Amino acid sequence: MRPTLLALGLALGLGIAGSTLAQATAPSQSPLTALTKDSGTPMPAEQKRVHFDHAELHIAVKPATQSIEASATLTFSALAPTDVLLVDLDRNLPVSAISVDGKVLTKGAWSNPEGRLRIPLPHAVAKGDKVVATIAYGGKPHVAKKAPWDGGFVWSHTKDGQPWVGSAVEGEGCDLFWPCIDQPDGKPDLVDLYVTVPKPLVAPGNGVLVGVSEQGNTRTYHWRAKHPTTYAISINVGPYQELKGEYHSRYGNTIPLHYWYLPGEEAQAKALFAEFPQLLDFFEAKIGPYPWGDEKMGVVETPYKGMEHQTINAYGNHYAKDGSGFDWLLQHEFAHEWFGNQMTNANWDDMWLHEGFATLMQPLYARWLDGDAMYYAWLHRLRMMIENEYPVVSGTPRTEEAVYDESRGGPGQDIYNKGALMLQTLHHLIGDQAFYASIRELVYGRPDPKPGNFTPQYRTSADYMRIVDRVTGKDYDWFFKVYLYQAALPKLDVQRRGDTLDLRWQAPQNLPFPMPVEVQVDGNVHTVAMEGGHGSLAVPAGALVTIDPHSVLLRDEPRITAFQQWMKQQRKAAKP
Ligand SMILES: [Zn+2]
């Protein structure tokens, strides 16, 4: 998630519905270090020595003081001998005590100068051995000013003044509120999350609810989640009401459905909840089994727009209507259960694997529900927003923030819009069967996913290129080398000379681009093979010619560039 406000407004053809409920406060707070502010920064060798087995997090949320009091018991297996543990944690959450394998460390034994907590181990740990560290910490977690576009806690209130709290930390990472390995591939195998809140507040969380216990004026929710994405572990607190149901999957399993919403919105909540089974129908039919069927499909209403929190998707779209007949934000975030949570980019440089696929799911769903008009209308809106300033993939490791930051050469919104339209072109090029086969391999690591026979996958762009080659039996590197690794789009030069139509691709850097082109001549569609990037077709004089009549080719189109430039000028002129 995290499209820009502008992109969202354009995508919907609407202004952004301002939040009347969410009045997040952003008090003056200590700045984040460069390390904390970003996710996926280079890992020191010492941090790579361990595998993250288990995180047991106890987090007491105190809305009255906008603070947390927490302890984390982290279990690691040593992949190599080590005498130190390094975990990422915002230094603005001071650590009060640490014990390792039950042995209390003396104060001052650990240090956290820049957001990476260094814990010297009282004894060296051999390869294959386990080490358990318990870290007590707390304070005021970083507050987001404009979640989810920047990350942190959102301390908000419902209309009737009750606390409404959420966390969204995709850009900055898990280290904003718990000690973690702040990397896309830093997922613990298992997380037990205990969230303590003042009564009568409710704390929906990731995975399954193991139990709720009461202590005086507070209660503690115990959630357990397998392989949660690091930034998808979330805190949600509010006076929630709950809708529950069940979905009987085509794969034979039954998936619990839960929606936590604010009181007073029952009718809208029920209407949104009624979309859940249809969403599962679509994704399970087109992509494959819901990855967390033995946990739940969970959604919680949040005081910010949305985020793909695993099995507890954040929803803050205010039940907006846009004429599509479904809630696009819910559909987008839910798509991330497959593209982001089950299949996770190995490095943020490959983030289009999350956002490109997740963005394509809205037009595909629109078509699945209502046919071609919605599908093409959606694709057209995405096309208008493609910028082509920088390549979608740089080919070198990048942090999450750098991907969004165009001043640092990041592709920004192109990971969404260009990613999605590139996939639409690929879909047409390799055909329906190969396209969905490639997605299944990418997401599940096997062609025949069924509940229980797959585990989460870390993926790179190169992985997907190899998968497409394998399922098609052909070499499509030329396709990805142009669309993913070049900023500019390929241009199709069209010349009509006498009875001949000449077509020539001009790809950036003169790269090979043998993309077939459909040409409609007086109502008949011909496919020009374009071997060597060039082809021609006999066209009778006076015949009506339409290039790419089914709009499947993502290419440079002067009319769109002209529109984008005009829009820029209009915006500039409108500024006071
Ligand atoms: Zn997204």
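Visitor: Leaving aside its neighbours within four places in sequence, which residues is W352 in contact with?

Guide: In this predicted model, W352 is in contact with F357, V392, V393, I415, M422, L423, S461, Y464 and L484.

Visitor: Which residues touch the most other members of the largest nonpolar core?

Guide: W352 is one of them, together with Y137, Y259 and Y464. That core holds 166 residues.

Visitor: At roughly what angle do the axes of α9 and α10 cross?

Guide: The crossing angle is roughly 125 degrees, and the axes come within 6 Å. Helix α9 covers residues 414-430, while α10 covers residues 432-444. The two helices are therefore oblique to each other.

Visitor: Changing topic to S249: where is it found?

Guide: S249 is found in the loop that runs between β14 (241-248) and β15 (254-261).

Visitor: Is S249 buried or exposed?

Guide: S249 is buried, because its relative accessible area is 10%, and the cut-off for buried is under 20%.

Visitor: What does the side chain of S249 reach?

Guide: The side chain of S249 reaches the backbone nitrogen of Y251 at 2.8 Å. There is also a polar contact of 2.8 Å between the side chains of S249 and E284. Neighbours within four places in sequence aside, S249 is in contact with I255 and E284.

Visitor: And what separates the C-alpha atoms of S249 and K321?

Guide: Those C-alpha atoms are separated by 28 Å, and the two residues are 72 residues apart along the chain.

Visitor: What about T229, buried or exposed?

Guide: T229 counts as buried, since its relative accessibility is 1%. T229 sits in the loop between β12 (218-226) and β13 (236-237).

Visitor: Which side chain joins that of T229 in a polar contact?

Guide: The partner is N341, and the polar contact is 2.9 Å. If residues up to four places away in sequence are not counted, T229 touches K187, Q310, G340, N341 and T344.

Visitor: On to the backbone. Which residue does a cis peptide bond join to P148?

Guide: The bond joins A147 to P148, with omega at about 0 degrees. P148 lies in the loop between β7 (130-139) and β8 (152-157).

Visitor: And which residue does a cis peptide bond join to P200?

Guide: K199 is joined to P200 by a cis peptide bond, with omega about 5 degrees. P200 has its place in the loop between β10 (190-198) and β11 (208-215).

Visitor: What is phi of N510 near?

Guide: Phi of N510 is near 55 degrees, which is a positive value in a residue other than glycine. N510 lies in the loop between β22 (500-506) and β23 (517-521). With a relative accessible area of 74%, N510 is exposed.

Definitions and conventions. Residues numbered from 1 in each chain as written. Predicted model: local features only at pLDDT ≥ 70, side-chain atom pairs only at ≥ 80, totals over all residues. Heavy atoms only, no water. Axes fitted to C-alpha atoms, helices over the stretch in contact; angles between N-to-C directions. Helix = DSSP H or I, 4+ residues; strand = E, 2+ residues; numbered from the N terminus. Parallel < 35°, antiparallel > 145°, perpendicular 65-115°, else oblique. Buried < 20%, exposed > 50% of the residue type's maximum accessible area, 1.4 Å probe, protein only. Contact = heavy atoms within 4.5 Å. Polar contact = N/O pair within 3.5 Å; in protein donor to acceptor, adjacent residues only side chain to side chain. Core = buried A, V, L, I, M, F, W, Y, C linked by side-chain atoms within 4.5 Å.
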